Amino acid sequence: MIYAIGDLHGLYDPLKIVLNYIREEADQGVSVNKVIFLGDYIDCGPSSKEVIDLILQFRQDFDTISLLGNHEQMLLSYYNRADDYSKVGEVWLLYNGGLQTVRSFYPQSVLFSQKQHLSEREICELIPSEEVLKLDSVYEDFFNNLSLSCLLPLTVKKTKFDFLFSHSVPNPNYNLEEQLALRNWADLQQYTKTKNCFMDDTLVWNRQLLRTQLSEGMVVIHGHTPTLYYLQSDNLWQFRKGDANAPFIVKEKKNGKLAQIDIDTGLIYGGALTLLAIDDAPEAENPLPYYLSVIPAQGLRKSLYSKTELNLF
């Protein structure tokens, strides 16, 4: 099985439920071949450090891929002192939940000790970033080595797909191969300089819906944009009502080919954490994927899991 996990945003308990579920599946004989975390582990919620610790612990027992989200991109741009780091720091800390991440990793930060004297904006402008946030080397390595994408060819019901896992949607206006060649945050920084493009145009920020597959048979599985955002949009060519706690599926308008699956079901906004499971067995008749929803308000009881088959056709 291939598992993909949506946006977490510093919420520990839902992640623990999902990872325990995968462990239970493995104990029952299910072949857990790869677990892909789609990014946005940090910010907004209170437990960013604990979320990363749980992922690092899980890595010891399973083959995992951790992708870079836009929130990790902001942290790294600030922490690594990119060219625009003070501006990025302001956007991250003030408007994207970065304060909660700093408090989780570095509670003795000058950000809190000086708060009565300086605003967060003044701190970003006047105080070196290393006085605001310090990370142990294990966390520096984790963030700096997050991948940008993962491409897996799989067969579902005799149909071959190239499932592309990324935090958001690769931009169809830019060369796909070049985007998929990006390995980490450093590559992404260089890419935006070379292409003279904004971060909003990249596969960690782009919110476009795909009118066609990026290439024949390719399906993008991503997070980043809460499904409710798409469901409430008046500009969708495929506008439909749906469950904001379920993956949002986009198909080509003309022929119905599957193009993308969004599994950011708005956990941090009171929605669910979604786990998508795809059977990667070589048999032609392997079952449809399914998704598992965990809603924190329902507590930690296993009986409250919601497990639903996902029809891709």
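I began in helix 2, where Lys 49 and Asp 53 both sit, four residues apart, or about one turn of the helix. This is a predicted model, so I read every value below as computed. The two side chains form a salt bridge, and the closest N and O atoms are 3.1 Å apart. I looked up accessibility for both partners. Lys 49 is partly exposed at 25% relative accessible area, and Asp 53 is partly exposed as well, at 28%.

Next I asked myself how many salt bridges the count comes to. It comes to eight, and I followed up a few of them here.

**Entry: Asp 63 and Lys 34**

I found a salt bridge between Asp 63 and Lys 34, with 2.9 Å between the closest N and O atoms. This pair links distant parts of the chain: Asp 63 is in the loop between helix 2 (48-59) and strand 3, while Lys 34 is in strand 2 (residues 34-37), 29 residues apart. Is Lys 34 buried or exposed? I noted a relative accessibility of 16% for Lys 34, which counts as buried because the limit is under 20%. Asp 63 is partly exposed, with 40%.

**Entry: Lys 195 and Glu 178**

Here the side chains of Lys 195 and Glu 178 meet in a salt bridge at 2.7 Å, N to O. I placed Lys 195 in helix 11 (residues 185-195) and Glu 178 in helix 10 (residues 176-180), so the pair ties together parts 17 residues apart in sequence. Lys 195 is partly exposed at 32% relative accessible area; Glu 178 is partly exposed at 35%.

**Entry: Thr 64**

I then turned to Thr 64, which is found in strand 3 (residues 64-66). With a relative accessible area of 16%, Thr 64 is buried. What does Thr 64 touch, leaving out residues up to four places away in sequence? I listed Val 35, Phe 37, Phe 58 and Arg 59.

**Entry: Tyr 291**

My last stop was Tyr 291, in strand 10 (residues 290-294). Tyr 291 has a relative accessible area of 9%, so I wrote it down as buried. Setting aside residues up to four places away in sequence, I saw that Tyr 291 touches several stretches of chain, including Asn 245, Ala 246 and Pro 247.

How values were computed:
Residues numbered from 1 in each chain as written. Predicted model: local features only at pLDDT ≥ 70, side-chain atom pairs only at ≥ 80, totals over all residues. Heavy atoms only, no water. Helix = DSSP H or I, 4+ residues; strand = E, 2+ residues; numbered from the N terminus. Buried < 20%, exposed > 50% of the residue type's maximum accessible area, 1.4 Å probe, protein only. Contact = heavy atoms within 4.5 Å. Salt bridge = Lys/Arg side-chain N within 4 Å of Asp/Glu carboxyl O.
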